[in-house]
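This report goes through selected local features of a single protein chain, moving from backbone geometry to side-chain pairs and then to a pocket. Please read it alongside the sequence and the coordinates.

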Amino acid sequence: MTILSNARVLTVLQFAARLIEDSYVVGGAVRDTLMGRDPRADLDLAVRGDGFAIARDLADALSPGASFVPLDRNRGTGRVVLTGGEGVTIDVSSFKGRDIDEDLRRRDFTINAIAVKISDVLQSGLTVMADPLGGNTDIRERRIRTCSNDAFRDDPVRILRAFRFSSSLGFVVTPETAALMSRSVESIVNAASERIRDEFVAILSCNSSAAALREMDRHGVLDVIFPELRPMKRCGQNDYHHLDVWGHTLEAIERLEWIMSRKRELLGVTAESVTPYLTDEPVPGRPRAALLKLVMLFHDSGKPDTRTVDAAGKIRFFGHEKVSRSIFLNAGRRMKLANREMEIVGRLIEGHMRAIILTGDSVSKRAIHRLWRRFGIDLVGLLLVFLADLSAARGPARPMGEDARALQRTRDVLEWFVAIQTRRPPLVNGHDLMSAFGITPGPYLGRLLKHLAELQDHNDITTKEQALFVADALIRSNDPL
């Protein structure tokens, strides 16, 4: 059921049509319906009169099934939220101009500048439309075109929206719109940081955002948003890489998206642990999948500052992970990312090299457990970043078969990760060890419990008797753990 056939939404539209005759459904719901897509759980209405007051009246008329959220009294914009768990929001705005035609001409893109009178929606659906700029044709032709030559000058954040629509809809920005974009790109920095953040994260949240990032780079948008990334361009690397730092970064994002899109094929049954991780939202509307792409964007940003060449001509980047994290934190604060997001992305950037142990001849259970202890649930993210980073480095020094070995070991670690999600209670606790061996509370007891937990997680011990036997042997040998 689409939003335009939702019974409660239709009730709102009926009330709106009675409140004011000159009222229209506009924007994304119309666009998505014409495309045959299910519109999101929100609706935009444009009305002649005070949209703020009309939104309040609609909420009052539908109370207690709806609530009013004031958005902008001066611009005549209010929100109606339908309560009861459906999560539907309806934004009501005054015409931006004398009538609906002028309102549509002041919008961002033609694909969003189509309106249907509410009375027509109720009677016959979307059969009669106001489409003064040919937006329906642009939808069929799959192109993004501005409503006016002033669109980006009026609001430069629309440049980011163009790439978001390009990424989410698979549409192409027209050459004329791209030219207008180039003239206004520098003014993006004058926009509110929160708006830049929301649009950029929305781009990263699309399944196929890598192509949009390349286009944003081509038009200088990334240079404006993240000037700290500019030194990565033309920063040469060692023989493990076939691209410079910036080229590797963009390819790594592409590889990450490729891995996420084929996770079942690549990871088998362990992909079941990956899907809920990627869709989880540490901040509402901002999934971990988008945060992982942010990790990839900044993971090597510290390389230009740490690049050294020794006497033999060997290029090294000692400590680039920590510098990369610092660079990201500065950018993240500027974007006003939440502290939780900063923590997740920063930890993965600084730790992105730690999973390289999976390319060695052997990997100890203890080493894997240390990764788990350090990253917790984000061990899943670390492994995906690791695979993407590795597959985007194809220099002549890379050993044959390294990718296949890393993939198999990643599957093994994820299998173990899934198993410990249903971990049984500890076989022994501190009281058990103090009673059995007379040891006192302190750091050694903590280390002993941690070691026994690791053995249990790897099924090396499965009973309380085995745990006590191992503890006794360690205590007798004075093992410092």
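Arg-234 is placed in the loop between α12 (221–225) and α13 (245–261). In this model, which is predicted rather than experimental, Arg-234 takes a positive phi of about 65 degrees although it is not a glycine, and with a relative accessible area of 73% the residue is exposed. A second residue of this kind is Lys-336, which is not a glycine either and has a positive phi of about 60 degrees. Lys-336 is found in the loop between α18 and α19, where it is partly exposed, with a relative accessible area of 42%. The background to these entries is that most residues other than glycine have a negative phi, and that most peptide bonds are trans.

Two further backbone features deserve a place here. The peptide bond that joins Ser-63 and Pro-64 is cis, with omega at about 5 degrees, and Pro-64 belongs to the loop between α3 (51–62) and β3 (66–72). Gly-376, which comes just after α20, takes a positive phi of about 60 degrees.

Val-47 has its place in strand β2, which covers residues 42–47, and its relative accessible area of 2% makes it buried. Which residues does Val-47 touch, not counting residues up to four places away in sequence? They are Ile-20, Asp-22, Ser-23, Ile-54, Val-92, Ser-93, Ser-94 and Phe-95.

The buried residues of helix α20 are Ala-367, Ile-368, His-369, Leu-371, Trp-372 and Phe-375. What covers these buried residues includes α19, α21, α22 (402–420) and α24 (443–457).

Within α20, His-369 can be followed individually. His-369 has a relative accessibility of 0% and therefore counts as buried, the cut-off being under 20%. Leaving out residues up to four places away in sequence, His-369 touches Trp-416, Ala-453, Glu-454, Asp-457 and His-458.

## Salt bridges

The structure holds 40 salt bridges, and three of them are described here. In one, the side chains of Asp-378 and Arg-347 meet with an N to O distance of 2.8 Å. Asp-378 lies in the loop between α20 (365–375) and α21, while Arg-347 lies in helix α19 (residues 339–350), so this pair ties together parts that are 31 residues apart in sequence. Asp-378 counts as buried at 0% relative accessibility, and Arg-347 is also buried, with a relative accessible area of 19%. Both residues belong to a network of salt bridges that links Asp-280, Arg-288, Arg-340, Glu-343, Arg-347 and Asp-378.

The second pair is Glu-102 and Arg-98, whose side chains meet in a salt bridge at 2.8 Å, N to O. Glu-102 is buried, with a relative accessible area of 18%, whereas Arg-98 counts as exposed at 67% relative accessibility.

Rolling a probe the size of a water molecule over the atoms shows where empty space is left. The second largest pocket has a volume of about 600 Å³. Its lining is made up of 23 residues, and of these Asn-238, Tyr-240, His-241, Met-353 and Ile-356 lie nearest the centre of the pocket.

Which elements each supply at least two residues of the lining of this pocket? They are β10 (315–316), α18 (320–335) and α21 (379–391), and α21 gives the most, with three residues. Sorted by class, the lining has nine nonpolar, six polar and eight charged residues.

Notes. Residues numbered from 1 in each chain as written. Predicted model: local features only at pLDDT ≥ 70, side-chain atom pairs only at ≥ 80, totals over all residues. Heavy atoms only, no water. 1 Å grid on protein atoms, 1.4 Å probe; cavity = no way out; pocket = protein on both sides within 12 Å on 5 of 7 lines; lining within 4 Å. Points joined across faces, edges and corners; volume = space filled by probe spheres on them. Helix = DSSP H or I, 4+ residues; strand = E, 2+ residues; numbered from the N terminus. Nonpolar A, V, L, I, M, F, W, Y, C, P; charged D, E, K, R; others polar. Salt bridge = Lys/Arg side-chain N within 4 Å of Asp/Glu carboxyl O. Buried < 20%, exposed > 50% of the residue type's maximum accessible area, 1.4 Å probe, protein only. Contact = heavy atoms within 4.5 Å.
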